[in-house]
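Let's take a walk through a protein model together.

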Protein chains: 2
Amino acid sequence: MTTRNHCQALDAQDPLAPLRTQFALPEGVIYLDGNSLGARPVAALARAQAVIAEEWGNGLIRSWNSAGWAELSQRLGNRLAPLIGARDGEVVITDTTSINLFKVLSAALTVQRNRAPNRKVIVSEASNFPTDLYIAEGLAELLQQGYSLRLVNSPDELPQAIDQDVAVVMLTHVNYKTGYMYDMQGLTSLTHECGALAIWDLAHSAGAVPIDLHQAGADYAIGCTYKYLNGGPGSQAFVWVNPALVDVVRQPLSGWFGHTRQFAMESHYAPSQGIARYLCGTQPITSLAMVECGLDIFAQTDMASLRAKSLALTDLFIGLVQARCAAHELTLITPREHARRGSHVSFEHPEGYAVIQALIARGVIGDYREPRIMRFGFTPLYTSFTEVWDAVEILGEILDRKTWDQPQFKVRNSVT
Amino acid sequence: MTTRNHCQALDAQDPLAPLRTQFALPEGVIYLDGNSLGARPVAALARAQAVIAEEWGNGLIRSWNSAGWAELSQRLGNRLAPLIGARDGEVVITDTTSINLFKVLSAALTVQRNRAPNRKVIVSEASNFPTDLYIAEGLAELLQQGYSLRLVNSPDELPQAIDQDVAVVMLTHVNYKTGYMYDMQGLTSLTHECGALAIWDLAHSAGAVPIDLHQAGADYAIGCTYKYLNGGPGSQAFVWVNPALVDVVRQPLSGWFGHTRQFAMESHYAPSQGIARYLCGTQPITSLAMVECGLDIFAQTDMASLRAKSLALTDLFIGLVQARCAAHELTLITPREHARRGSHVSFEHPEGYAVIQALIARGVIGDYREPRIMRFGFTPLYTSFTEVWDAVEILGEILDRKTWDQPQFKVRNSVT
């Protein structure tokens, strides 16, 4: 049996433990929702103050040059690139994940329209993060060219779903509900063998698991900086395009930041070479600047170390829950197999919503996703083994005592 | 002859003068570029600190509910609405102006595709802000349905250009180069008489001139909050749709924030009723929150008072430049007629770029736009009459002494 002492010993020997001091976490909270909104780097406050007081307040319009605002999306993209196996000049941080998906999906369909115009199917999975499906629907409806979505109900159905009609396979690397992680390289190969293009949404994997987009042979990738990357609430998303494809077509959200001569103010668009053509309009700078504070912390470690701790944390959590809460109706829906697991763990419970609310009331912050899913994110930069032990103990108490069966825990909020 | 004393007297009797203390402007600077990036409200720093330290740092994921992040785009939209003649629930602040233009132009073309499918022309002007034209080009190229842009070279050509082939007329209310202001109501009527829909870009007019979208009968409007509205560098843009049109079609950037049951996590999109369907992905919250600080200052005055002072400032500037700098090659390209003038004034000068750099070196911040245009923005919330006098005096000295003819003033930056 694992004890709390054992967890404390794991923390004492954890080489990543000192990084926690670089995050400003509130007292009395065990934060297991870094997969939804990452914790605040201590440095983010001073960085934002500098942007607001100095760069905006004193620099004013001059800061587009003097403070490097004009190049910020590219410069931060270069800092993020190593975390996903991308190279210098291949990533920009801009807009939202939804918007960036629209850009890359439009581009991919345009590439296919030129190469294989009869391919009209976009493959994804029914349990993909909804906004990804909505964006694909919106694009298909706009185009009126016969595009349709083909949604599989489980990863096993993919090999059969990817056939000669498929233009694009669009998947989220780590599923937001279950934490299931796809074999990116295998699926990309399968996609290519069939003549389709592969788009990977890395929202739940960037900063959480090692990713090598080049080795996987991916075509397009997008993702989010406000989860594991700790960029701040709603901080801008990233977009990567394989260099072999990036200059082949224009993406349709072609704003002035993507123009090759932005300040020539020409009346016709001429796309920049490379990933800069995936820029569009002026970015909210204060939010964008804080993304760097999260990346600064990643620069002090490496994804292999983070992954090792992440798997140790999720193994510990699964094991403790199954031991401590064996008497309760919890169903693990996250793969036990390391190669198929991201950095969050989900259990189903018939009263999952109320249990999560009761946990939050006790200071253990996880979140809830329809239907019945309790989701717990493990962020090796700041989650300790002892916190895992304590969280499970509190969960056990709530289940044993049926604390969740109080009316205040059943009131639905808009976001959990 | 107007004297500096006279300008000081105007400031002494200016009812808006006290509002300047609510902006943090640097010493030694005369800021005439609020049409490009508005000055910083003093309150923005504390607001951002609260978002970062309290809402993000301590509230963490709970702040989507407890700090009102989930509704922020709508709540701030309601606060902006009165400045543009819109009503409660008709405006959201989200994404960028370019992205919002893509949304409304797509929607407008979809409406026309259902009503009048043979209308394939988008009318705009060649000197429209480039990103607007690029977005229209990008959409037309994506659709592959025969859409084309018809660009007029001057406002006079519009009546002839708007014919039975036109689906949409897409204009910027105040031209970013010349400061020319369209007759929104007249042009919208002309557009409607011809069966087309009218999109207005209010980037250079929101917060600068009175606007009444309902009275004008406009169909769609977009605009920017980081110029006259002082929302912060790159702060999010706004979008308004006429209530008669808003529920008629889905816009294609249909992300989860536009879904009518966002957290039901359904796999098919069901658009919200009203302007919420123009939301897409998660917004950079720190930047968005600061928009409120600019709007708080507008709430202390009204657009009629601001317009009166704006015209007085621009009249004064034009008059003083033409008197003080009569010996130099300056050509006014901004209309003298009040009804056709926004809140910035532009002069052409053969060495406009270098003159602007020499002015900036003396603390007078205007900006430059190709070709040869020196642009000066007048922001009645914080620009004084005495500053106008001083700026013209410094311009006169630079021109008299040919200060601009020094090599350091001719080095091109990426942004000016």
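Predicted model: local features only at pLDDT ≥ 70, side-chain atom pairs only at ≥ 80, totals over all residues.

**Ground rules**

Residues are numbered from 1 along each chain as its sequence is written, chains are lettered from A and ligands numbered from 1 in the order in which they are written, and side-chain values use heavy atoms, with hydrogens and water left out.

How confident is the predictor about chain A? Its pLDDT (the predictor's confidence in each residue, from 0 to 100) averages 97, and 99% of the residues score at least 70. The model as a whole scores ipTM 0.97 and pTM 0.98.

**Two domains in chain A**

Start with chain A by itself. It is divided into domain 1 (4–41 + 302–409) and domain 2 (68–299); bounds like these come from an automatic or database domain assignment. Taken over C-alpha atoms, the centres of the two domains in chain A are 29 Å apart.

Where they meet, 35 residues of domain 1 are in contact with 26 residues of domain 2, contact meaning heavy atoms within 4.5 Å. Together the two domains of chain A bury about 2400 Å², 63% of it on carbon and sulfur atoms. Buried area is the accessible area (1.4 Å probe) that two parts lose on being put together, summed over both. Met303(A), Arg340(A) and His344(A) supply 26% of what domain 1 buries against domain 2, more than any other three residues.

Which elements give two or more residues to the domain 1 side? They are α12 (303–324), β12 (344–348) and β15 (373–377) of chain A. Helices (H or I, at least four residues) and strands (E, at least two) are DSSP runs, numbered from the N terminus. The largest share, four residues, comes from α12(A). By class, this side has 15 nonpolar, 13 polar and seven charged residues. Here Ala, Val, Leu, Ile, Met, Phe, Trp, Tyr, Cys and Pro count as nonpolar, Asp, Glu, Lys and Arg as charged, and the others, Gly among them, as polar.

**Where the chains meet**

Now bring in chain B.

| Item, chain A with chain B | Value |
|---|---|
| Residues in contact | 91 residues of chain A, 90 residues of chain B |
| Buried area | about 7800 Å², 67% on carbon and sulfur atoms |
| Salt bridges | four |
| Residue pairs in polar contact (both at pLDDT 80 or more) | 33 |

Two terms there need cut-offs. A salt bridge is a side-chain nitrogen of Lys or Arg within 4 Å of a carboxyl oxygen of Asp or Glu. A polar contact is a pair of N or O atoms within 3.5 Å; within protein, one must be able to donate a hydrogen and the other to accept it, and residues adjacent in sequence count only if both atoms are side-chain atoms.

To see a salt bridge, find Glu141(B) and Arg250(A), whose closest N and O atoms are 3.2 Å apart. The largest share, eleven residues, comes from α6(A).

Over all chains, the count comes to 44 salt bridges. One of them joins Arg362(A) to Glu397(A), with the closest N and O atoms 3.1 Å apart. Arg362(A) sits in the loop between α13 (352–361) and β13 (364–365), while Glu397(A) is in helix α14, 35 residues away.

Most residues other than glycine have a negative phi, and most peptide bonds are trans. What is the peptide bond from Glu370(A) to Pro371(A), cis or trans? It is cis, with omega near -15°. Pro371(A) lies in the loop between β14 (367–369) and β15 of chain A. In chain B, the bond from Glu370(B) to Pro371(B) is cis too, with omega near -15°. Finally, Asp95(B) has a positive phi, near 55°, and lies in the loop between β4 (91–93) and α5 (97–115) of chain B.
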